[in-house]
Amino acid sequence: MNKLDLDNTMTVRAKSRMQPRVGLEFDSAEAAQAYYTSYAAQAGFRIRIGQLYRSRVDGSIMSRRYVCQQEGFQTPMRTGCPAFIRVQKGDSGKWVLVTMKTEHNHDLYFSGEISPPIIQQKALPDPKPISAVSSRTTGIRSLEDDDLSGDNRNIDLKRLKQEEIESKFEPRVEPFTGLDFTSASEAYKFYNIYAANMGFKVRIGQLFRSKNDGSITSRRFVCSKEGHQHPSRVGCGAYMRIQRQGTTRWVVDRLSKEHNHELDSPYDTNQINSKSFKEELMENLDLHETNGGFSLVKRDRGSGIGIGTQWYNVLLEYFQNRQSEDTGFFYATEVDDNGRCMSVFWADGRSRFSCTQFGDAIVFDTSYRRSSYTVPLASFVGVNHHRQPVLLGCALISDESEESFTWVFQAWARAMSGKRPVSIIADQDKPVQNAIAQVFPGTHHRFSPSQILAKEHENLGPLRSMEEFKFEFESCVSQSQTASEFNSAWGVLIAKYNLEENTWLNEMYEMRKSWVPLYIRGTFFAGIPVDGDMKSYFGTFLTPEVRLTEFLTRYTKAIEHNREEERNEDSNSFNLQPVLHTKDPLEEQCSRLYTITVFKAFQQELLESYNYVGIKINMEGMVSRYLVQRCGNGDERNTVAFNASNLNISCSCRMFEFEGILCRHALKIFQVMNVKEVPSSYILHRWTKNAKYGIIRDVESVGGSEDLKALMVWSLREEARSYIDAGSASIERFKLAFEILQEGRRNLCWQN
């Protein structure tokens, strides 16, 4: 169909914002798409091409779906919107609208705000790059990282001509959600023009990066009076945030036009942006270097959790309903002197009970800080006996101050009857560090690997692109086996690349015990990889753009999904017999005790042990020392100490201390010394099939009689749920289950 025919079709079928209806006919699938595009633009949303269906006879397309752009969850911007139309090719050759849904689960733009897609658009001319910076970094973000072009090229913003922007945007056009640009530079220029007309100035705010490749995915442009880092700033909340969609499109996804100060007289738009981006960045270092270069923007303590009284009432109702159903449910709220809700913490009985078994190593997940989540949700996550994430509590945090984090950690400790974790993985920002040190003294704080990687790109950008430096840096950090070896390699690296004045590297060296593997392996972290983050508990259920109205629904679904996964693994571990690969009694013993997932990890170490040789090097009293190395590879060496009197064993690789499973080197020495059974001290109860049982022994172990009763009720309820499922499968099973239940009740009564 040519353009004229398509236009005629649209004129006939889509006059005056015609509502889609079942039975509407089109000459082609393209005409249906054009109609739905036009309708969407009028209604206030955009569309995407959805699924197609082909004929089984000749493979021709017989049906097509056109969906709202926010359908699905593949990107943070999408909300799973159900709106769509489906057209099907009829016998007459016409395409008929056969199915549709008009309801959206997100706010629509103002009618007419969205224009249909433009087929071709004149691109802005390529700007000339600014001068390259020195390869010697000083803790300041490199210009490569702070490029606004979105395509990894450095630019000077004054090279963008005024008329190039104003040809697309009228000087007094106001920003609105959904406004799109071909580059971040174009968006920055537009916001400057708007600001000049309104009477305020603009600064470059936070940026957000992809966890996959470190590329910039989102940017904030703020009023120059945002924050409180300078006497001239008054904490103004006006800003415009753009998010990258695809490779050449940036869309305004969040916006605030409210200023808390008087505006000046409009500026001359011909005079704005006379500075280069480099000059703009240098003026804003107080923002980016706050707290030692960790890009932390501290919000006003008086702002609360930013979700309003109505949302707080919804939460409170949810908490009260949960308490009526779950006697172990706990929640706490932080209220300021004016009665405003600041932070909120909650944990159900299942989470509190899980903490008694799996609260030794926890992850304090604050992904919302790096990805601009609508809901400031922080979660405490542990690792269960199947190596799955297990929820240990949640919080909504009012701001990123030390006071907020301290209150949240204290609330968690109260809910868990004063339990202190052995280790915690959390962000490295000073407020978080100080709060952990205050509430959990003695707990080993390990920095989040993804945050460290982002900071490396931010502070070592030009150097990270040099293969020689990258190899030497990673070898120093990952391969060092002793403190002296690390210190020596670090000193050589700093001197070789003239990094003595690099603020970030100097600070990271001072905090080396929180991120260098050498210092981490001696602490139990439940095997969470040193160079990786644990799988997210909420996964795709909670995305950065999830709306408050959907939050509790998705939160509940995520919990149900994860707990069902745990029940499935429980069933597999009790009912499936793992395959044994040797006749070693150690393998048979551990197959009976460990869950399937943990047994496979142990089995791998046992099989690998046959590729090693153990050589006795000395003996001190009852302690023998062995050099264990891989056959044919003299580079991999570890030292194992073994006490024959009590079967105590330790290895220089420290796998057992870090993961709670014996390493291949220790197992090799057990073979050498003809040890037929793994000592009970090296079978951690948390990794066994019975990890959920035998932990609660008395009132003192959980803090009080009320907490003990609540946890016992939850434990019995969970067991009863499985019992009911099994007993209701058939009438025969029901009769047996009922008889067993009656007999059990009689036994309990006799004990009274």
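Start by selecting the open sheet of 5 strands, ordered β1-β5-β4-β3-β2 with antiparallel pairing. Strands, like helices, are DSSP runs numbered from the N terminus (E, at least two residues, for strands; H or I, at least four, for helices), and two strands pair if DSSP finds at least two bridges between them. At the edges sit β1 (25-26) and β2 (47-54), each pairing on one side only.

Before going on, keep in mind that this is a predicted model: local features need pLDDT of at least 70, side-chain atom pairs count only at pLDDT 80 or more, and totals for chains, interfaces and linings use all residues. Residues are numbered from 1 along each chain as its sequence is written, and side-chain values use heavy atoms, with hydrogens and water left out.

**Stop 1: around β3**

Select β3 (residues 61-68) and β4 (residues 84-89), an antiparallel pair joined by 5 bridges. Ser-63 has Gln-88 in β4 as its bridge partner, and Tyr-66 stands opposite Ile-85 in β4. Now turn to β2, which runs antiparallel to β3 and is joined to it by 6 bridges. Here, pick out Arg-48 and its bridge partner in β3, Val-67. While you look along these strands, remember that in a regular strand the side chains alternate between the two faces of the sheet.

Is β3 enclosed or open? Of its 8 residues, 6 are buried, so β3 is largely enclosed by the rest of the structure. Buried here means under 20% relative accessible area, exposed means over 50%, and partly exposed is in between (1.4 Å probe, protein chains only).

Next, click on Arg-46, in the loop between α2 (29-43) and β2. Arg-46 has a relative accessible area of 15%, so it counts as buried. Draw a C-alpha to C-alpha distance from Arg-46 to Gln-69: it comes to 5.3 Å, for a pair 23 residues apart in sequence.

**Stop 2: the β9-β10 hairpin**

Move along to β9 (residues 239-244) and β10, which run antiparallel and share 6 bridges. Together β9 and β10 make a hairpin with 5 residues between them, and Gly-246 in the turn has a positive phi of about 75 degrees. For a landmark across the pair, take Ile-242, opposite Val-252 in β10. β10 (residues 250-256) is mostly covered, with 5 of its 7 residues buried. β10 also pairs with β6 (residues 180-181), in the antiparallel sense, over 2 bridges; select Phe-181 and you will find its bridge partner, Trp-250, in β10.

**Stop 3: two helices**

How many of the 10 residues of α9 (residues 349-358) are buried? The count is 9, so α9 is largely enclosed by the rest of the structure. Among the buried ones are Arg-350, Arg-352, Phe-353 and Cys-355.

For another helix, go to α13 (residues 449-459) and find Ala-454. Ala-454 counts as partly exposed because its relative accessibility is 27%.

**Stop 4: the largest nonpolar core**

A nonpolar core is a set of buried Ala, Val, Leu, Ile, Met, Phe, Trp, Tyr and Cys residues joined through side-chain atoms within 4.5 Å. The largest one has 40 residues, and those touching the most other members are Tyr-594, Phe-602, Ile-649, Leu-662, Phe-670, Val-678 and Trp-687. Elements giving two or more residues to this core include β13 (361-365), α20 (585-593), β20 (633-643) and α23 (664-672). The largest share, 5 residues, comes from α21. Apart from this core lies another, of 32 residues, with Ala-332, Cys-355, Phe-358 and Phe-409 among them.

Zoom in on Tyr-594: leaving aside residues up to four places away in sequence, it touches Phe-599, Phe-602, Tyr-682, Ile-683, Trp-687, Thr-688 and Lys-689, where contact means heavy atoms within 4.5 Å.

**Stop 5: the largest cavity**

Finish with Ile-649, Ser-650, Cys-651, Met-655, Phe-656, Glu-657, Leu-662, Cys-663, Ala-666 and Tyr-682, which line the largest cavity. β21 (648-651) and α22 (655-659) are the elements that give two or more residues to this lining.

Notes: 1 Å grid on protein atoms, 1.4 Å probe; cavity = no way out; pocket = protein on both sides within 12 Å on 5 of 7 lines; lining within 4 Å.
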